[in-house]
Amino acid sequence: QVQLVESGGGLVQAGGSLRLSCVASGRLFSRYAMGWFRQAPGKERDIVAAISWSGSSNYYADFVKGRFTISRDNAKNTVFLQMNSLKPEDTAVYYCAADTNPGNSHDYETSDYGYDYWGQGTQVTVSS
């Protein structure tokens, strides 16, 4: 069982920044691919970004490219999402997720079906 705890959400004005963190339990975090998803009210959950367990590969949804950065610190069992130039349409609950069986050190999943464990989510609200 892997527990994921997100933090760092909040209310920010458009153009501002937030940094989300997700801490994972256990000793095998360094072998998990990780992803960040978001879900706005009335909408489906979308992938935002993903990173391989080695950190060598990552993915960004088109709507965040150039604004968000995913990173990880395996020594601290933590994955981050740095969010800059935030827009009102970025308002959503943000979830981190762990894929405990990635294919190799460069793999990541872009579908939520590829993830085994999920955090409880953290609310991000961007005001205009």
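Strands are DSSP runs of at least two residues, numbered from the N terminus. By that rule, the secondary structure of this protein consists of 11 strands and 0 helices. The structure is a predicted model.

**Overall form**

- Read from the N terminus, the order of elements is β-β-β-β-β-β-β-β-β-β-β.
- The protein has 128 residues and a radius of gyration of 14 Å, which agrees with the value near 14 Å that a compact globule would have.
- The C-alpha trace spans about 40 × 30 × 25 Å along its principal axes.
- Among contacts with a separation of 6 or more, 61% are between residues 24 or more positions apart.

**Burial, surface and charge**

- Of the 128 residues, 45% count as buried.

**The nonpolar cores**

- The largest nonpolar core contains 30 residues, and those with the most contacts inside it are Met34, Trp36, Leu81, Met83 and Tyr94.
- At least two residues of this core come from each of strand 3 (18-24), strand 4 (33-39), strand 5 (46-51), strand 7 (68-73), strand 8 (78-83), strand 9 (92-99) and strand 11 (122-127).
- A second, separate core has 5 residues, including Phe37, Ile47, Ala50 and Tyr115.
- Met83, one of the residues with the most contacts inside the largest core, touches Gly16, Ser17, Leu18, Leu20, Arg67, Phe68, Tyr94 and Val124, when residues up to four places away in sequence are not counted.

- Ile47 lies in strand 5.
- Ile47 has a relative accessible area of 12% and is therefore buried, since buried means under 20%.
- Residues up to four places away in sequence aside, Ile47 touches Trp36, Phe37, Tyr59, Ala61, Phe63, Glu109 and Thr110.
- Ile47 and Tyr32 are 15 residues apart in sequence, and their C-alpha atoms are 17 Å apart in space.

- Thr110 is placed in the loop between strand 9 and strand 10 (117-118).
- The relative accessibility of Thr110 is 38%, so this residue counts as partly exposed.
- Apart from neighbours within four places in sequence, Thr110 is in contact with Phe37, Ile47 and Tyr59.
- Thr110 and Gly35 are 75 residues apart along the chain, yet a distance of 7.7 Å separates their C-alpha atoms.

**Two loop residues with positive phi**

- Asn77 has a phi near 55°, which is a positive value in a residue other than glycine.
- The loop between strand 7 and strand 8 holds Asn77.
- With a relative accessible area of 15%, Asn77 is buried.
- Ser85 has a phi near 50°, again a positive value in a residue other than glycine.
- The loop between strand 8 and strand 9 is where Ser85 is found.

Key
Residues numbered from 1 in each chain as written. Predicted model: local features only at pLDDT ≥ 70, side-chain atom pairs only at ≥ 80, totals over all residues. Heavy atoms only, no water. Helix = DSSP H or I, 4+ residues; strand = E, 2+ residues; numbered from the N terminus. Rg over C-alpha atoms; globule rule 2.2 N^0.38 Å. Buried < 20%, exposed > 50% of the residue type's maximum accessible area, 1.4 Å probe, protein only. Contact = heavy atoms within 4.5 Å. Core = buried A, V, L, I, M, F, W, Y, C linked by side-chain atoms within 4.5 Å.
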